[in-house]
Amino acid sequence: MLQTATRSPVTAQAPAAVLPQRLRSLDVFRGATMLFMASEILHIPAVARRFPDSTAAGLVAWNLDHVPWVGCAPWDLIQPAFMFMVGVSLPFSVAARRARGQAFAPMLGHAAYRALVLIALGIFLRSLARAQTYFTFEDVLTQIGLGYVFLFLLAWTRPRVQWLAAGLILAGYWLLFAVYPLPPAGFDPASVGVPADWPHRLSGFAAHWDKNMNAAHAFDAWFLNLFPRESPFLFNRGGYLTLNFVPSLATMIFGLLAGGLLKERRTARETLRTLVIFGAAGVVVGFLLHTVGICPIVKRIWTPSWAIFSAGWVTLILALVYYAVDVRHPRWAFPFVVVGMNSIAMYVLVHVATDFVGRSFRIHLGTGVFELLGPALAPVLLGAATLLVFWLVLFWMYRARLFVRI
């Protein structure tokens, strides 16, 4: 729903002894992540690939796109960052509601309502270009919604319970894939959308996490066909899975633990040291699980090693943002705050209004203005102009104290 804020936002001059209702770093991190995601409308990877002889262009294209299967590029960290930040924000949200006198039951009801709205919104946005409702559950909004009630319940438990829950989730999900039988001899991978010569196929024990030939794909082949569809579901071309929400719940739990840490009245030095230690440990443990062959790092199916590895990186980034924003109080963070405090609005604008704004620019300004740097870079300039329009809309909402809340 749309809410109007009546109290003033927390300023950079807030006394250090008073814990703010909202850590500014959380809004900055959320806003920066959202802008990074929204930069897809600049089509930078596609433009960069028009210069195949340029090493720099190739590096840009790789960093701003998903890896085909195993591994990690910066672009792959967008969704883990969103899900992690949901967990980070929850302790502050629960504390604020309890301070207003809300009981557990109404808060649980709101958590269930929020989960349903997120799932419905994710399905709605994925259905915009379809002839009928496109029931899919791998979108970031639906993934958050599917795990949110469980996350809310864990927010009322001790950290040791949260650690145990994350560990059991990841161990159980690993076991599900590990014991699921590999495809029989003679199986045609093209039947599940994987060309026989696809260079990213896995072998040995790692083949249990191969694209569209794993336990969670078998679940989708049953589950997604329970819904009305234009045609029967056979496979997801990207390999994404509904059950990703199970290990990504662990990602949100790691965020919940980080949020509990940030909410404690510790010194900035202690908070930073703890975040860096746990972040580095996550990167190392996730990488070792991949390297020794226990579980490959695959973002598209959210393998347990990916959940740990990506949470480690996101924690390190959060530590950096916390230091840069809540310790140093810079003025440059404001543009990110504008987006971070209305991240749902930005997400919807990008999915709903990008084509409309782009067409409007071409109608009223023509195409020449966007070809000042050459036709090849025109999509980048058009996308940048569109993104600026979206930011200005959010800036107006910020000035009017209008925030989209679910």
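The questions and answers below concern a predicted model and the reasoning behind some of its labels.

Q: Why is helix 1 called roughly parallel to helix 13?
A: Helix 1 (residues 24-38) and helix 13 (residues 343-365) pack at an angle of about 5°. Angles under 35 degrees count as roughly parallel. Helix 1 is therefore roughly parallel to helix 13. Their axes are 10 Å apart.

Q: Which residues make the contact between helix 1 and helix 13?
A: Helix 1 contributes Arg30, Met34, Leu35, Met37 and Ala38. Helix 13 contributes Ser343, Met346, Tyr347 and Val350. By class, seven of the contact residues are nonpolar, one is polar and one is charged.

Q: What makes the span of helix 7 agree with expectation?
A: Helix 7 (residues 159-179) has 21 residues. At 1.5 Å a residue, helix 7 should span 30 Å. Its end C-alpha atoms are 30 Å apart, so the two values agree.

Q: Which residues of helix 7 are buried, and what covers them?
A: The buried residues are Gln162, Ala165, Ala166, Ile169, Leu170, Tyr173, Phe177 and Ala178. The cover includes helix 6 (140-154), helix 8 (215-223), helix 9 and helix 11.

Q: How does the reach of helix 10 stand against the expected value?
A: Helix 10 (residues 268-291) has 24 residues and reaches 34 Å from its first C-alpha to its last. That is close to the 34 Å expected at 1.5 Å a residue. Gly293 follows helix 10 and has a positive phi, near 90°.

Q: Where do the buried residues of helix 10 pack?
A: They pack against helix 9 (245-263) and helix 11 (304-327). Among these buried residues are Leu272, Leu275, Gly279 and Val283.

Q: Why is Thr271 called buried?
A: Thr271, in helix 10, has 2% relative accessibility. Buried means under 20%, so Thr271 counts as buried. Leaving aside neighbours within four places in sequence, Thr271 is in contact with Leu261, Leu262, Arg266 and Tyr322.

Q: What makes Ala258 a buried residue?
A: Ala258 lies in helix 9. Its relative accessible area is 7%. The cut-off is under 20%, so Ala258 is buried. Leaving aside neighbours within four places in sequence, Ala258 is in contact with Phe84, Val88, Leu275 and Leu318.

Q: Which class of accessibility does His329 fall in, and why?
A: His329 is found in the loop between helix 11 and helix 12 (334-340). Its relative accessible area is 36%. Buried is under 20% and exposed over 50%, so His329 is partly exposed. His329 has a positive phi of about 55° although it is not a glycine.

Q: Why is Arg401 called buried?
A: Arg401 is found in the loop between helix 14 (378-399) and strand 2 (402-404). Its relative accessible area is 15%. Buried means under 20%, so Arg401 is buried. Arg401 has a positive phi of about 60° although it is not a glycine.

Definitions and conventions: Residues are numbered from 1 along each chain as its sequence is written. This is a predicted model: local features need pLDDT of at least 70, side-chain atom pairs count only at pLDDT 80 or more; totals for chains, interfaces and linings use all residues. Side-chain values use heavy atoms; hydrogens and water are left out. Axes are lines fitted to C-alpha atoms, for helices over the stretch in contact, and angles run from 0 to 180 degrees between N-to-C directions. Helices (H or I, at least four residues) and strands (E, at least two) are DSSP runs, numbered from the N terminus. Angles under 35 degrees count as roughly parallel, over 145 as roughly antiparallel, 65 to 115 as roughly perpendicular and the rest as oblique. Contact means heavy atoms within 4.5 Å. Ala, Val, Leu, Ile, Met, Phe, Trp, Tyr, Cys and Pro count as nonpolar, Asp, Glu, Lys and Arg as charged, and the others, Gly among them, as polar. The expected span of a helix is 1.5 Å times one less than its number of residues. Buried means under 20% relative accessible area, exposed over 50%, partly exposed in between (1.4 Å probe, protein chains only).
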